[in-house]
Amino acid sequence: MTDTITATSLPPGASQIAGAPLVEMRDICIAFGGIHAVDHVSIDLMPGEVVALLGHNGAGKSTLIKILAGAYKADIGEIRINGEAVSIANPRDAKRYGIETIYQTLALADNVDAAANLFLGREIMTPWGTLDDVAMEAATREVMGRLNPNFRKFKEPVRGLSGGQRQSVAIARAIHFNAKILIMDEPTAALGPQETAQVAELIKQLKAEGIGIFLISHDIHDVFDLADRVSVMKNGKLVGTARTSDVTQDEVLGMIILGKVPPGAMPGPGASH
Amino acid sequence: MTDTTTASTPVPSSRPGSPSAPASAPTSFLGALELDVRFLGMIGALAVIWVVFDFLADGTFLTPRNLWNLSVQSSSIAVMSTGMVLVIVMRHIDLSVGSILGVTGMIMAVFQVNYLMPTFGFNNPAVMIGTLAAGIALGAAIGALHGFVIAYLGVPAFIVTLGGLLVWRGAAWAAAQGKTIPLVDDNFKLLGGGADGSIGAEWSWIVAAIACLFIAAAAVQARRQRQRFHFPLKPVWAELVIVAAGCLAVIAATLVVNAYTLPPALARRYAEAAGITVPPEGISISFGYAVPVLVALAVGIVMTFVATRTRFGRYVFAIGGNPEAAELAGINTKRVTLMVFALMGMLAAIGAAISTARLNSATNAQGTLDELYVIAAAVIGGTSLSGGSGTIAGAMLGALVMQSLQSGMVLMRVDTPYQNIVVGIVLVLAVWIDTVYRKRFK
């Protein structure tokens, strides 16, 4: 199976991009009241790479990624950014390392407008220490103009926006602050086909800029073509990791459903025997 | 200023470098004014209440005297309601404000009588400043304690402040073994209003002039800011209408408070004391704005600034809208919660200063049931109990509505139990109307 591109001595599941990984999560564990939501999982991400994190609902994908985003603190395990061990205790820490997250729930404050959401926690201030709403609105108009040129509702609470518009506000928030690592949790769940294509285009563009992207999905068809590698989780454990060039969609589906690892993939602790 | 001057012309689209074209010009008269419909509705409701009471109470309601009294009676609740807005916006509640008012009022009186007066002497300005500072610091500390237990120990605000309601009422009793403590400092008593605690006609006009300048300057500043980024602007006539309406309201209020004059006998005595020669036809001395009203207005302005122009205010609203999102955005929600309750405590202390000064003494029962009036004022003023929305101005207007109902019924000689029945029904009715409004128009 490994007769693809110059895979001379590359082990299965390793990235084709050489150099130090942008992110390494090693041996991560977290339990909630006796349930091991994430159980000794290790994944990594290179600059300019898209890694899809797949698995059923409840497989532990979102939890794992929330540890990287600073929303949860791992019980055990190590996170390395650019080879250096880091401690991410809260979302603020994560953002300091250039980790931006688009949550499945979008995590928008519905009662305030797009600009307030985009800059939430990182407001632009005037020299007098007050909110510079006009400057924030201007920046929002600019970034939204790139993502969603038809967007007009700058003064309205985001409650009044459509699903796609809300999604673009959440994406705008993640890319506006020069992210190095982007986490997208089910980014196309609320979108129609046209908007989904738009997001795919955006992912390619960001990848070309050297941003590393974790793409989380329960639906393999959404992400297979976009991803360089896939890591599959099941019941909190890592089933395995594979380059998308080494495996077929059906094989990955087997990993998701049965935990069966094909020859082209590196098995993890969650692989069935 | 090359932008539109009439409503019919569309707002010119932004310059080429601008990323997105602005929305088209507003079409309706009210739309162009960009006014808060709910706020206008409240002013309308207040006007209806006033006119109906004036009719039912045989013309005694809409008199300068009654309106002046109404303004003074509303100030303490109005001050506290501004803080309650933020508490409720954050999806919490504070049932302890009446008791905090009681204990801070009592401690301020005891501190003034037993320590500050003997130290600094009679009517030394330091006595007033010291009393206020001690009260506000105590209020902030009590509020911060509540906030700490709520945010960091995870006890629901309802329970913490219910406990606070009992604890601080008891503490108020303990501070003076239930005695009533008369205030001694004349400067401090000015905070309560009355003939001395009012600023007179001349100063009232000065305040009015400053207020009008402030309204105009705020409009110009907002417009400049939007021009800076070539955003769509309101038509100039709309700006003028709003500034004119604001100034007219200020002038009308000033005319009313200046029309309330001292009774002739008191005026003569006052004039003689001040060394003014009294003409034979008698002298007319206006009350002007009462000090507590000015305090309440100042608090309202500061709190509006805090709620809309500062990071803290933005976080309060964001947390109220979606606590989880605020947390994920890196906001320290626990600290903000603690600060909101500390602020509420400070405002309760200011309310205590006003109401003790008004009574000239601190009593054990002071502020009893105030928490309910404060919550009612905030809710009538459009603060949603589900969190995330509310305005300071609305809450202060709500306080005025509550006080108008009570004052009007007193003038109609309605007995207290029946007053409570009416106030209770109005509260429920107001929230129901608000709920319907939100469903239909939001």
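User: What does V79(B) touch, leaving out residues up to four places away in sequence?

Analyst: V79(B) touches A296(B), V299(B), L347(B), I350(B), G351(B) and I354(B), not counting residues up to four places away in sequence. Two residues are in contact if their C-beta atoms, placed from the backbone, lie within 7 Å.

User: What kind of model is this, and how are things numbered?

Analyst: This is a predicted model, where local features need pLDDT of at least 70, side-chain atom pairs count only at pLDDT 80 or more, and totals for chains, interfaces and linings use all residues. Residues are numbered from 1 along each chain as its sequence is written, while chains are lettered from A and ligands numbered from 1 in the order in which they are written.

User: Back to V79(B). Which helix is V79(B) in?

Analyst: V79(B) is part of helix α3 of chain B. Helices (H or I, at least four residues) and strands (E, at least two) are DSSP runs, numbered from the N terminus.

User: Is V79(B) buried or exposed?

Analyst: V79(B) counts as buried because 31 C-beta neighbours lie inside 10 Å. A residue is buried if 20 or more other C-beta atoms lie within 10 Å of its own, exposed if 12 or fewer, and partly exposed in between, with C-beta atoms placed from the backbone.

User: Where is T104(B) relative to V79(B)?

Analyst: T104(B) is 25 residues from V79(B) along the chain, and 15 Å separate their C-alpha atoms.

User: How is chain B divided?

Analyst: Chain B has domain 1 (36–194 + 290–441) and domain 2 (198–289). The bounds come from an automatic or database domain assignment. Taken over C-alpha atoms, the centres of these two domains of chain B are 25 Å apart.

User: What about α8(B), how many residues does that have?

Analyst: α8(B) has 29 residues and reaches 42 Å from its first C-alpha to its last, close to the 42 Å expected at 1.5 Å a residue. The expected span is 1.5 Å times one less than the number of residues in the helix. After α8(B) comes H230(B), with a positive phi near 55°.

User: Switching topic. How many residues from each chain are in the contact between chain B and chain A?

Analyst: Chain B puts in 26 residues and chain A 28 residues. On the chain B side, the elements giving two or more residues are α8 (200–228), α12 (311–321) and α13 (323–328).

User: Now chain A. How many helices and strands does chain A have?

Analyst: Chain A has eight helices and eleven strands. The radius of gyration of chain A is 19 Å, close to the 19 Å that the globule rule gives for 273 residues, so chain A is as compact as a globular protein of that length. That radius is taken over C-alpha atoms, and the rule is 2.2 Å times the number of residues to the power 0.38.

User: What order do the strands of the open sheet in chain A have?

Analyst: The seven strands run β6-β7-β8-β3-β9-β10-β11 (chain A), with mixed pairing. β6 (99–102) and β11 (266–267) of chain A are the edge strands, each pairing on one side only. Two strands pair if DSSP finds at least two bridges between them.

User: In which sense do β7 and β8 of chain A pair?

Analyst: β7 (residues 181–185) and β8 (residues 212–217) of chain A pair in the parallel sense, over five bridges. L182(A) has I213(A) in β8(A) as its bridge partner.
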